[in-house]
Amino acid sequence: MKVLFDYAAFVLQARGGVSRVLFELFKSLSKQARLQCKLFAGFHCNQYIREAPPELKKRIIGCYLPPNFVHPKLFFPINRVMFQLYAKWFNPDICHYTYFETPKVPNNCKAVITVHDMIHEIFPETFSNDNEHKRKQQAVHKADGIICISDNTKKDLEKFIPLENKAVTVIHHGNNLVPTLWPNST
């Protein structure tokens with residue numbers, strides 16, 4: 001099975017929770033022998049990708065640019081076109097959208113999106129416009145499957161966006177921390 005992650009979170013964040021979680025998911029799925037997993041990062045500013053081990057970098061398509069150089073309004077259209085060309089060539093079975101940018105994928109490809117929170121919907125007065133909500137709503141409707149990071153996020157999603165029988169699964173965040181013992185503990 002072929003899985004393709006898109007560029008959006010990696011253009012928006014040099015470091016951060018969303019890009020970290022999605023990078024770790026990509027890294028974990030890449031270890032699965034039955035999956036052919038690729039991350040199309042395009043022109044990005046993400047440090048997790050930049051610091052990836054060489055064997056993982058073989059699965060990443062993209063070019064790192066310094067964060068002060070990468071502006072989403074400039075690089076989203078460029079990355080979208082390049083992603084669509086790559087997706088057509090790679091022909092994935094699943095595309096995991098990393099944020100609410102939803103570039104076109106081949107017709108036979110299923111789209112998945114992770115919803116991390118509904119903060120723009122819960123506190124709209126805190127934000128200058130509701131563009132984020134519109135993009136989120138469009139992405140949710142375009143997706144074949146939706147991952148929510150908590151039961152509460154799923155409940156909020158169902159409250160603010162009509163799901164029309166969409167498949168919604170709760171998958172809690174994990175971590176990649178290695179447990180260590182406290183000094184002087186036995």
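1. Cysteine 109 has a relative accessibility of 7%, and therefore counts as buried, the cut-off being under 20%. Please keep in mind that this is a predicted model. Cysteine 109 takes part in no disulfide, since the nearest cysteine sulfur, which belongs to cysteine 95, lies 5.4 Å away, whereas the pair would have to be within 2.5 Å.

2. Under that same cut-off, the number of disulfides comes to 0. Cysteine 45 is likewise in no disulfide, and the cysteine sulfur nearest to it, that of cysteine 63, is 12 Å away. Cysteine 45 has 5% relative accessibility, so this residue also counts as buried.

3. As to confidence, the mean pLDDT of the protein is 91, with 93% of the residues reaching 70 or more. Confidence is highest in strand E1 (residues 2-5), at 98, and lowest in helix H7 (residues 131-142), where the mean is 87.

4. The protein contains 8 helices and 7 strands. Helix H2 (residues 17-30) has 14 residues and should span 20 Å at 1.5 Å a residue, which agrees with the 20 Å between its end C-alpha atoms. The buried residues of H2 are Val18, Ser19, Leu22, Phe23, Glu24, Phe26 and Ser30.

5. Turning to the overall shape, a compact globule of 186 residues would have a radius of gyration near 16 Å, and the 17 Å found for the protein agrees with this. The C-alpha trace spans about 50 × 45 × 40 Å along its principal axes. Of the 186 residues, 43% are buried, and among contacts with a separation of 6 or more, 60% join residues 24 or more positions apart.

Conventions:
Residues numbered from 1 in each chain as written. Predicted model: local features only at pLDDT ≥ 70, side-chain atom pairs only at ≥ 80, totals over all residues. Heavy atoms only, no water. Helix = DSSP H or I, 4+ residues; strand = E, 2+ residues; numbered from the N terminus. Expected span 1.5 Å × (residues − 1). Buried < 20%, exposed > 50% of the residue type's maximum accessible area, 1.4 Å probe, protein only. pLDDT = per-residue confidence, 0-100. Rg over C-alpha atoms; globule rule 2.2 N^0.38 Å. Contact = heavy atoms within 4.5 Å.
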